[in-house]
Amino acid sequence: NIYRSVDSFDFALRRRFMWKEIQPNFNIVNNFLSANWKDKLIEDFNNLNEKIKNDELLGKDYRIGHSYALQIKPIEHRFDSITEVRKFLWEDSIKPLLEEYLRGLGDENKANEKLNEFKKSFGTQQ
């Protein structure tokens with residue numbers, strides 16, 4: 001039974017490691033990025049996470065971590081505006097993740113509606 005083997009593996013890992021929840025902390029981004037748009041990016045992620053946290057289907061466990069913002073560090077010089085950064089992060093990282101979270105809804109229209117709400121809260125226009 002595949003489920004039994006996955007459960008056994010999960011329990012084995014939990015017995016061997018200490019688990020500590022790491023909250024998204026976008027203040028860390030302030031120390032790593034130097035672009036003039038970094039404060040707006042931090043605000044955008046905080047707004048998005050607040051929307052996710054208050055969502056009746058997702059909740060706090062589905063918030064986006066600060067590593068999604070930190071991935072921009074090696075290429076931050078390529079972006080002149082927050083609009084470009086938002087578009088890049090939304091299309092390449094955030095949208096696919098949220099689509100995966102919403103896949104189980106069983107209602108494509110509802111999933112698209114929620115995705116658009118999240119997109120707006122990230123500051124990205126439709």
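Leaving aside its neighbours within four places in sequence, which residues is L98 in contact with? L98 is in contact with L48, I52, I64, W90, L115 and F118, where contact means heavy atoms within 4.5 Å. This is a predicted model, in which local features need pLDDT of at least 70 and side-chain atom pairs count only at pLDDT 80 or more, while totals for chains, interfaces and linings use all residues. Residues are numbered from 1 along each chain as its sequence is written, and side-chain values use heavy atoms, with hydrogens and water left out.

**The chain**

- The chain holds 6 helices and 0 strands, where helices (H or I, at least four residues) and strands (E, at least two) are DSSP runs numbered from the N terminus.
- Taken along the principal axes, the box filled by the C-alpha atoms of the chain is roughly 55 × 40 × 25 Å.
- Of the 126 residues of the chain, 34% count as buried, a word that stands for under 20% relative accessible area, with exposed over 50% and partly exposed in between (1.4 Å probe, protein chains only).
- Among the contacts in the chain with a separation of 6 or more, 64% come from residues 24 or more positions apart.

**The largest nonpolar core**

- The largest nonpolar core has 28 residues, of which W37, L41, F45 and L98 touch the most other members; such a core is a set of buried Ala, Val, Leu, Ile, Met, Phe, Trp, Tyr and Cys residues joined through side-chain atoms within 4.5 Å.
- Two or more residues of this core come from each of α3 (38-53), α5 (82-102) and α6 (108-121), and α5 gives the most, with 8 residues.
- In soluble globular proteins, nonpolar side chains tend to be buried together.

**How α3 meets α5**

- The axes of α3 and α5, which are lines fitted to C-alpha atoms over the stretch in contact, lie 11 Å apart at an angle of about 30°.
- α3 and α5 are therefore roughly parallel to each other, since angles under 35 degrees count as roughly parallel.
- In α3, the residues K40, L41, D44, F45, L48 and I52 meet I82, V85, R86, L89, I94 and L98 in α5.
- The residues of this contact of α3 with α5 divide into 9 nonpolar, no polar and 3 charged, where Ala, Val, Leu, Ile, Met, Phe, Trp, Tyr, Cys and Pro count as nonpolar, Asp, Glu, Lys and Arg as charged, and the others, Gly among them, as polar.

**F88 in α5**

- F88 is found in helix α5 and is partly exposed, with a relative accessible area of 27%.
- Not counting residues up to four places away in sequence, F88 touches I72, I75, F79 and S93.
- F88 and I72 are 16 residues apart in sequence and 9.3 Å apart in space, C-alpha to C-alpha.

Definitions and conventions: Axes fitted to C-alpha atoms, helices over the stretch in contact; angles between N-to-C directions. Parallel < 35°, antiparallel > 145°, perpendicular 65-115°, else oblique.
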